[in-house]
Amino acid sequence: VEYTKFYSDYEDDPQYDERWQYEHDPYWFENTLGQVPYHNQWIPEPVTVFDKVGKFNVNFQIKDEPTGGDDRFANYRLW
């Protein structure tokens, strides 16, 4: 699988981090091989090869960096 990402921030804050989540329905097809171990978990890298069959819903989030790199204000970084 190849993904095309797009990031736009209302305040033009740069990107700080990103994460991926996969919701897996292993029973979408009759020949289930079980559920993927990363089902409904946030992971730092995208999955590009699926080793189990089923239906996948992909969620992608980017965290912005409005603080200019000052970790004292890290709670202002939002997904």
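User: Two strands pair if DSSP finds at least two bridges between them. In which order do the 3 strands of the open sheet stand?

Analyst: This is a predicted model, in which local features need pLDDT of at least 70, side-chain atom pairs count only at pLDDT 80 or more, and totals for chains, interfaces and linings use all residues. Residues are numbered from 1 along each chain as its sequence is written, and side-chain values use heavy atoms, with hydrogens and water left out. Strands are DSSP runs of E with at least two residues, whereas helices are runs of H or I with at least four, and both are numbered from the N terminus. The pairing is antiparallel and the order is β2-β1-β3.

User: Which strands are the edge strands?

Analyst: An edge strand here pairs on one side only. The two strands that do so are β2 and β3.

User: How many bridges join β1 and β3?

Analyst: Strands of a sheet pair through backbone hydrogen bonds, either parallel or antiparallel. Within the pair formed by β1 (residues 15–25) and β3 (residues 55–64), Q21 stands opposite N59, and R19 stands opposite Q61. The two strands run in the antiparallel sense, and the number of bridges is 10.

User: Which residue of β2 is the bridge partner of W20?

Analyst: Strand β2 (residues 42–43) is joined to β1 by 2 bridges, and the two run antiparallel. The partner of W20 in β2 is I43.

User: Is Y22 buried or exposed?

Analyst: Y22 lies in strand β1. Buried means under 20% relative accessible area, exposed over 50%, and partly exposed in between, using a 1.4 Å probe and protein chains only. Because its relative accessibility is 0%, Y22 counts as buried.

User: How many residues make up the largest nonpolar core?

Analyst: A nonpolar core is a set of buried Ala, Val, Leu, Ile, Met, Phe, Trp, Tyr and Cys residues joined through side-chain atoms within 4.5 Å. The members are W20, Y22, V36, Y38, I43, V47 and F56. V47 has contacts (heavy atoms within 4.5 Å) with V1, Y3, Y22 and Y38, not counting residues up to four places away in sequence. The size of this core is 7 residues.

User: How far from K63 is the nearest side chain of opposite charge?

Analyst: Lys and Arg count as positive and Asp and Glu as negative, while His and the chain ends are not counted. A salt bridge needs a side-chain nitrogen of Lys or Arg within 4 Å of a carboxyl oxygen of Asp or Glu. K63, in strand β3, is buried yet has no salt bridge. The nearest side chain of opposite charge is D17, at a distance of 5.6 Å.
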